[in-house]
Amino acid sequence: MARRKIIAGNWKMNMTPSQAVALVEELKPLVATEDADVVFCVPAIDIVPVVEACKGSNIEVGAENMYFEEKGAYTGEIAPDMLVDAGVKYVILGHSERREYFGETDKDINKKMHKAFEHGLTPIMCCGESLEQRELGVTMDFIRQQVKIGFSGITADQAKEAVIAYEPIWAIGTGKTATTEQAQEVCADIRACIAEIYDEATAAAIRIQYGGSVNPATAPDLFVQADIDGGLVGGASLKADFGKIVNWK
Ligand code: PGA
């Protein structure tokens with residue numbers, strides 16, 4: 001069975017609540033499609049108004065992060081059931097910006113993966129190498145570690161529902177998209193890693209996105225690759241370009 005494409009926007013730290021609603025209204029008609037899952041991952045404070053604004057459309061709402069505890073004295077954090085109650089379906093976990101600026105480790109991300117599944121949220125788990133790692137030839141060693149620790153203790157049935165976003169750090173926000181060959185090669189290796197951890201059926205079911213400066217010009221070539229099941233899109237998700245990416249065919 002062919003995997004359904006999933007194209008997700010990652011708004012990062014952009015858009016006030018009122019700007020967020022205006023952007024949803026602008027993009028709603030542009031991202032209408034039956035061919036792919038469309039997700040807007042938005043800042044926590046925008047979630048409630050964005051869920052409301054997306055009602056009746058094909059857009060699902062995602063969070064950009066969450067904490068791995070249920071509740072309590074964790075000032076500033078957001079619990080999984082808060083997201084679920086607000087109408088969130090997806091959650092980005094382990095984005096490289098969270099790893100780099102907020103010290104998130106593979107083990108933290110693994111705890112968040114477990115919590116996401118426990119609460120019925122679909123994780124979009126990010127992985128990807130730095131330029132230095134690519135040049136040293138350790139890209140796959142590094143990514144395999146991120147994937148293996150991230151998925152530790154996650155069952156095959158859960159993994160089949162998960163989304164992995166391969167985002168080379170050197171391609172994020174730099175305008176430098178990985179070549180389709182580079183992106184396909186790593187996504188295929190990630191799928192092989194999932195087959196090793198689980199089995200072929202799980203590897204065939206899990207969806208793997210490419211992320212890093214995806215734009216309307218690069219999306220079509222990326223999305224036809226055998227192991228690329230869509231994209232995680234930062235900058236271009238904040239403008240009409242996102243509609244072109246979603247309707248890349
Ligand atoms: P970009 O961001 O599309 O702006 O490179 C992608 C991401 O960080 O998810």
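What share of the contacts in the protein chain with a separation of 6 or more is accounted for by residues 24 or more positions apart? The figure is 74%. Please keep in mind as you look around that this is a predicted model.

**The chain as a whole**

- The protein chain is built with twelve helices and eight strands.
- Its radius of gyration is 17 Å, close to the 18 Å that the globule rule gives for 249 residues, so the chain is as compact as a globular protein of that length.
- If you picture the C-alpha trace along its principal axes, it spans about 45 × 45 × 35 Å.

- Among the 249 residues of the protein chain, 53% count as buried.
- The accessible surface of the protein chain amounts to about 11,000 Å².
- Carbon and sulfur atoms hold 52% of that accessible surface.

**The largest pocket**

- This pocket has a volume of about 570 Å³, and 22 residues line it.
- To find its centre in the viewer, look for Lys12, Met13, Glu64, Asn65 and Arg98, the lining residues that lie nearest to that point.
- Helix 4 (residues 96-102) supplies the largest share of the lining, with four residues.
- Sorted by class, the lining of the largest pocket has 13 nonpolar residues, along with four polar and five charged ones.

**The second largest pocket**

- Here the volume is about 220 Å³.
- Of the 19 residues that line the second largest pocket, Gly173, Ser213, Gly234, Gly235 and Ala236 are the closest to its centre.
- By class, the lining of the second largest pocket divides into ten polar, five nonpolar and four charged residues.

**A closer look at Gln133**

- You will find Gln133 in helix 6, which covers residues 131-136.
- Is Gln133 buried or exposed? Gln133 counts as buried because its relative accessible area is 17%, and the cut-off for buried is under 20%.

Note on methods: Residues are numbered from 1 along each chain as its sequence is written. This is a predicted model: local features need pLDDT of at least 70, side-chain atom pairs count only at pLDDT 80 or more; totals for chains, interfaces and linings use all residues. Side-chain values use heavy atoms; hydrogens and water are left out. Helices (H or I, at least four residues) and strands (E, at least two) are DSSP runs, numbered from the N terminus. Buried means under 20% relative accessible area, exposed over 50%, partly exposed in between (1.4 Å probe, protein chains only). On a 1 Å grid over the protein atoms alone, a cavity is a set of points where a 1.4 Å probe fits but cannot get out, and a pocket is an open set with protein on both sides within 12 Å along at least five of seven lines; lining residues have an atom within 4 Å of a point. Grid points are joined across faces, edges and corners, and a volume is the space filled by probe spheres set on the points. Ala, Val, Leu, Ile, Met, Phe, Trp, Tyr, Cys and Pro count as nonpolar, Asp, Glu, Lys and Arg as charged, and the others, Gly among them, as polar. The radius of gyration is taken over C-alpha atoms; the globule rule is 2.2 Å times the number of residues to the power 0.38. Contact means heavy atoms within 4.5 Å. Accessible areas come from the Shrake-Rupley method with a 1.4 Å probe; for residues, only the protein chains shown count as cover.
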